[in-house]
Amino acid sequence: MLKQTEGSQAVAEAVGLCRPEVICAYPISPQTHIVEGLGKMVKSGELQRCEFINVESEFAAMSVSIGASAAGARSYTATASQGLLFMAEAVYNASGLGLPIVMTVANRAIGAPINIWNDHSDSLSMRDSGWIQLFAETNQEALDLHILAFRLAEELSLPAMVCMDGFILTHAYERVDMPTQAQVDAYLPAYEPRQVLDPGQPISIGAMVGPEAFMEVRYLAHAKQLQALELIPILATEFQGVFGRNSGGLVHPYRTADAETIVVAMGSVLGTIKDVIDEMRDDGVRIGALGICSFRPSPLAAIRDVLKSAKRVVVLEKSLAVGLGGILSTDVRMALSGLQLHGYTVVAGLGGRSILKSSLHELLRKAGDDALQPISFLDLNWDVVNRVLERERCSRRSGPIAENILRDIGVVAASIA
Amino acid sequence: MDTQPIKFYQTGTFTVGNRLLGEDQRAVQANMQRTNSLNSGHRACQGCGEALGARYAIDAAMRATNNQVIAANATGCLEVFSTPYPETSWQIPWIHSLFGNTAAVAAGIAAALKVKGRSDVRVIAQGGDGGTTDIGFGCLSGMFERNDDVLYICYDNEAYMNTGVQRSSATPPAARTATTMAVGEHPGNAFGQGKNLPQIAMAHNIPYVATASVAYLRDLEYKVTKAMSLHGARYIHIFVPCPLGWGAASEDTIKLARLVVESGLFPLFEAEHGEVTRVYKIRKPVPVEEYLKPQRRFAHLFGKAPATKTIAQLQAAADRNIRRFGLLAEVI
């Protein structure tokens, strides 16, 4: 059914249609509307046979999910940013124990300085945790990916994150096509755990593993991700059969067939990038985009297949591997091993900085001339940066950066003192 | 026919030998058909109080629930010695997740059972004092506050034993650990620190809180059985000596677990909804020295010049417990 709704509400409804049995809620922006929506559904009786638990921290949210999942319940939670870091130990534990928990990450920056707006630093910090990470481009895809994620997670006995851009998607009102309960039931069978805590058949879960078998256990975690790589396209095709639309999958190529320049990105920024590509195409520039839906497992072959015929690749990412450069671009480089083409990393949109079409036009024109630095920061205010660097060169005790910048910019509140 | 109650005091305590009781009143451990939930063959040290406590408690819970128990276990000695890959000593469904999240994992299991309508299956969370009073405290308080249907059992051996005897917030004053060294002007752990977790549990107004000691088997089993008859968040804090960590003889585990109670240092009591409802009376109090002396962790108190002031401080703490909980029995 078509409806105009908020991204978070759409996701809440979609998760509700997946018949979750245990939902843990802990508030953190910009995720909170999702669990609020689900809480209302449980309390009103709209969503039955479901426990909605207000926990005391994100660490507890994931831990309660671990217990519930191990006892055979379909479990869901949502978080973002600091919350994901606070639950990090349990995030690794959930995948190590092979528990198919589904979690929404409403992608948000990590502090300090504290910042509630969107970038991909949070979920990318968990890239080696063993979780599947699927990135949504639109609200429609965000809600679809949740249905797909439960199916994928439970088939592999592996937890999955659905990543959607905080505020940009979670708080945007858009038209979405909400599936029916019958459609979701047809796609997502009841959860049948591989192993379950049951007094009838007692088992021990979470035993200590020493050097004699730890490598094998870790390899098996990797092998599961490789299985996911095969399963994700199959499930996306099945999804299309039931729901009649294309959602999920490993990668989304856009006008790449004859492209000399291909922009690689994840999440909602692909919409802006596609608009820019259309305009550049109108001017005769052979440019395309490659959206990565499955960040983990990393679809190296699919990425390589799309990029191999291009002349250059621009990876535009909302994340920064401090002291190295890009995170996504490091993955893309791995996919391109042995191929000779120009590669550029563009760090953009950190902490919610707008990614403007005008900036992208300038950036991609430069890329076409191969005039970009190997790594660049879109719309970075060099005046501010250089003044701070200069101050720090001159004085060892140069004071707090934020206040100094406020003075430099000359906003009203900074004129005190 | 009228019956005449007979009391047999064999050890100077109120302990009654099993042989003197009817079959139905005997300890679970006296029954050949007990479940041995934590089976033999595990890797605990000789004389491990925690291994005893865990078997006593879980066996009693198994009998009380017709063997319908699932347990979540914190990281620590109990977890490590019971499940070295690929072996397990547990005869019950058992999960170890992390050090600090056991109460939350158990709450998740309880939620899953509720949603699946398995009201017959009961959930126990268990951990050592570090996993309970320190790193797991947040999750534990959350579980209490939500009144989740979980019995949490803390096996308190008063320090981080698995990592090599470091201080926890359950380490008693003056005790030597690897991080409260027996050197300097105030050797051992500081006075005026630490947490009293049973009382913190009571402050959550949960249905049931109790303390127990592995020396008092029937009392321990009674408390676990009672806890399993109730629903909501319940807490039992069991005193379990650690021969290795305390520098005590393996054969003294039960003796120390008895002396700590008889001295008044560890009061045995029950509380319901925040109110103390019953205490285990001490028949004949013993001075704290009797408890402290056999343990090398307190050896610095009994050198050439005994630390009489420190010992008096510990005796004062014991006396305060005796006063506060009314532990002295009126012996007729």
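Predicted model: local features only at pLDDT ≥ 70, side-chain atom pairs only at ≥ 80, totals over all residues.
Visitor: Among contacts in chain A between residues at least 6 apart in sequence, what percentage join residues at least 24 apart?

Guide: Two residues are in contact if their C-beta atoms, placed from the backbone, lie within 7 Å. In chain A, 78% of the contacts between residues at least 6 apart join residues at least 24 apart. Residues are numbered from 1 along each chain as its sequence is written, and chains are lettered from A and ligands numbered from 1 in the order in which they are written.

Visitor: How many helices and strands does chain A have?

Guide: Helices (H or I, at least four residues) and strands (E, at least two) are DSSP runs, numbered from the N terminus. Chain A comes to 15 helices and 16 strands. The radius of gyration, taken over C-alpha atoms, can be set against the globule rule, 2.2 Å times the number of residues to the power 0.38. Chain A has 22 Å, close to the 22 Å given by the rule for 417 residues, so it is as compact as a globular protein of that length. Its C-alpha atoms fill a box of roughly 70 × 60 × 55 Å along the principal axes.

Visitor: And what does chain B have in the way of helices and strands?

Guide: Chain B has 11 helices and eight strands. Its radius of gyration is 19 Å, close to the 20 Å that the globule rule gives for 332 residues, so chain B is as compact as a globular protein of that length. The box for its C-alpha atoms is roughly 65 × 55 × 40 Å, taken along the principal axes.

Visitor: What percentage of the residues of chain A count as buried?

Guide: A residue is buried if 20 or more other C-beta atoms lie within 10 Å of its own, with C-beta atoms placed from the backbone. By that test 49% of the 417 residues of chain A are buried, and 52% of the 332 in chain B.

Visitor: At what angle do helix 3 and helix 5 of chain A pack?

Guide: Axes are lines fitted to C-alpha atoms over the stretch in contact, and angles run from 0 to 180 degrees between N-to-C directions. Helix 3 (residues 58–70) and helix 5 (residues 88–96) of chain A pack at about 20 degrees, with axes 8 Å apart. That makes them roughly parallel (angles under 35 degrees). On the helix 3 side of chain A, the contact residues include A:Phe59, A:Met62 and A:Ile66, and on the helix 5 side they include A:Ala90 and A:Val91.

Visitor: How many residues of chain A are in contact with chain B?

Guide: 37 residues of chain A are in contact with 36 residues of chain B. Strand 3 (51–54), helix 3, helix 5 and strand 9 (204–205) of chain A each supply at least two residues of the side that touches chain B. Helix 3 of chain A gives the largest share, nine residues. For classes, Ala, Val, Leu, Ile, Met, Phe, Trp, Tyr, Cys and Pro count as nonpolar, Asp, Glu, Lys and Arg as charged, and the others, Gly among them, as polar. The side of chain A that touches chain B divides into 22 nonpolar, nine polar and six charged residues.

Technical notes: Buried ≥ 20, exposed ≤ 12 C-beta atoms within 10 Å, placed from the backbone. Parallel < 35°, antiparallel > 145°, perpendicular 65-115°, else oblique.
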